[in-house]
Amino acid sequence: MAATAQAGIEKPRVPVGTYFLMVFRYGLIALTVYVIFEYLKVPLLSMIVGLCALGAATIVASVYEILHPVD
């Protein structure tokens, strides 16, 4: 909504709520990792590799879709 409302403006403004949501999202992820690490005693390295595996799987799926498009 803000992007279309500010179309054509030389220096568009980003709403403050956008920054808050960005910080809140990563803070929530950090809090979740901390709780899992402290209370469930899951090794930190395992959690990091698992989070990276999700990103790697997304990239692989995207590349596969690009190379094998559905007609």
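The radius of gyration of the protein chain, taken over C-alpha atoms, is 19 Å, whereas a compact globule of 71 residues would have a value near 11 Å (the globule rule being 2.2 Å times the number of residues to the power 0.38). Along the principal axes, the C-alpha atoms fill a box of roughly 50 × 40 × 15 Å. The model is a predicted one, in which local features need pLDDT of at least 70 and side-chain atom pairs count only at pLDDT 80 or more, while totals for chains, interfaces and linings use all residues. Residues are numbered from 1 along each chain as its sequence is written, and side-chain values use heavy atoms, with hydrogens and water left out.

Buried residues (under 20% relative accessible area, 1.4 Å probe, protein chains only) make up 3% of the 71 residues. The chain exposes about 6,600 Å², of which carbon and sulfur atoms supply 74%; accessible areas come from the Shrake-Rupley method with a 1.4 Å probe.

The protein chain has three helices and zero strands, in the order α-α-α from the N terminus on. Helices (H or I, at least four residues) and strands (E, at least two) are DSSP runs, numbered from the N terminus.

The axes of helix H2 (residues 16–39) and helix H3 (residues 44–67) come within 10 Å and cross at roughly 145°; axes are lines fitted to C-alpha atoms over the stretch in contact, with angles from 0 to 180 degrees between N-to-C directions. This crossing of H2 and H3 is right-handed, meaning that the near helix is turned clockwise from the far one by less than a right angle. Val-33, Ile-36 and Phe-37 of H2 and Leu-44, Met-47 and Leu-51 of H3 make the contact (heavy atoms within 4.5 Å).

Terms used:
Buried < 20%, exposed > 50% of the residue type's maximum accessible area, 1.4 Å probe, protein only.
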